[in-house]
Amino acid sequence: MASFTILRCLSLLLLSCCTMAAPPRRPIDVPFQRNYRPTWANDHIKYINGGNELQLSLDKYTGTGFQSKGSYLFGHFSMQIKMVPGDSAGTVTAFYLSSQNSEHDEIDFEFLGNRTGQPYIVQTNVFTGGKGDREQRIYLWFDPTKAYHTYSVLWNLYQIVFFVDDYPIRIFKNSKDLGVRFPFNQPMKIYSSLWNADDWATRGGLEKTDWSKAPFVASYRGFHIDGCEASVEQKFCATQGRRWWDQREFQDLDGLQYRKLAWVRQRYTIYNYCTDRSRIPTMPAECRRDRDV
């Protein structure tokens with residue numbers, strides 16, 4: 001009996017060690033107006049189903065966009081988006097967080113349109129203290145124009161994780177000990193926009209926007225924000241350490257999440273700044289810690 005008890009205790013201890021990490025909490029769908037407001041070209045925004053869904057429209061005159069009402073220090077930020085269908089070359093659908101000063105912090109999703117039949121490209125980037133140049137690009141393993149998919153960012157003191165549905169596609173660890181700045185004291189707003197970038201977005205600008213296909217429409221739903229709201233003057237979160245994303249299981253990915261990340265990188269990565277020696281001769285310090293190489 002004693003040996004059985006010891007074995008059971010050991011198995012429970014092993015189980016607790018192996019399940020330290022956890023996926024982010026599932027967002028709650030709320031109407032657009034609860035957390036967001038338009039920022040420009042309001043007439044290019046269409047509200048559907050009482051504001052529970054929204055469409056952004058781009059034509060040759062203007063794009064459009066929206067932003068969060070509040071600013072946030074850490075949290076989980078997600079959006080369900082259905083990308084521009086058909087020939088979307090030259091268009092960019094952006095979902096990102098950004099602070100408001102010259103040495104700004106920024107966490108970017110940018111979805112780069114393409115010619116009909118060609119896959120969408122997702123570009124991610126992280127700016128710290130005004131420094132970016134950390135682009136990574138992947139193909140998506142599904143058609144993002146056919147249905148809504150969830151794109152989200154988990155940001156805490158330990159890491160930034162980009163998710164597509166429940167797949168982590170990128171991590172950016174806090175590598176302050178390696179001399180790499182990490183966003184921790186500048187509140188950020190959440191933004192999304194649809195705009196024309198045919199000078200660079202598709203095949204480096206070789207493919208131009210076909211305005212005969214306009215208007216280009218991206219659809220949104222799921223406007224929940226789970227973050228520590230702060231004014232732009234605040235340098236800390238008053239509830240730091242007490243929110244779910246601060247807890248131990250969200251300080252790193254678990255084994256399954258790292259396997260999903262490896263699957264994405266091995267199959268779908270088309271550009272990684274960490275391996276671009278022609279542009280960045282010395283590999284940045286954070287790349288090995290982020291398992292980018």
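Predicted model: local features only at pLDDT ≥ 70, side-chain atom pairs only at ≥ 80, totals over all residues.
C274 lies in the loop between β16 (269-272) and α4 (286-289), while C287 lies in helix α4, so the pair ties together parts that are 13 residues apart in sequence. The torsion about the S-S bond of C274 and C287 is about -85°, so this disulfide is left-handed.

The structure holds 2 disulfides. A disulfide also joins C228 to C237, with an S to S distance of 1.9 Å. The link of C228 and C237 is right-handed, with 100° about the S-S bond. C228 has 6% relative accessibility and counts as buried because the cut-off for that class is under 20%. C237, at 6% relative accessibility, likewise counts as buried. With bonded cysteines counted along the chain, the disulfides follow the pattern 1-2, 3-4.

The largest pocket contains about 470 Å³ of space. Its lining is made up of 23 residues, and P24, R26, P27, D165 and D166 lie nearest the centre of the pocket. Two or more lining residues are given by each of β5 (71-82), β10 (149-155) and α3 (255-268). The largest share of the lining, 4 residues, comes from β5. By class, the lining has 8 nonpolar, 8 polar and 7 charged residues.

An unreviewed UniProt entry lists residues 23-220 as "domain: GH16". This span is 2% helix and 46% strand, and its end C-alpha atoms lie 23 Å apart.

Notes
Residues numbered from 1 in each chain as written. Heavy atoms only, no water. 1 Å grid on protein atoms, 1.4 Å probe; cavity = no way out; pocket = protein on both sides within 12 Å on 5 of 7 lines; lining within 4 Å. Points joined across faces, edges and corners; volume = space filled by probe spheres on them. Nonpolar A, V, L, I, M, F, W, Y, C, P; charged D, E, K, R; others polar. UniProt positions renumbered as here; feature names shortened; annotations may be inferred. Disulfide = S-S within 2.5 Å. Buried < 20%, exposed > 50% of the residue type's maximum accessible area, 1.4 Å probe, protein only.
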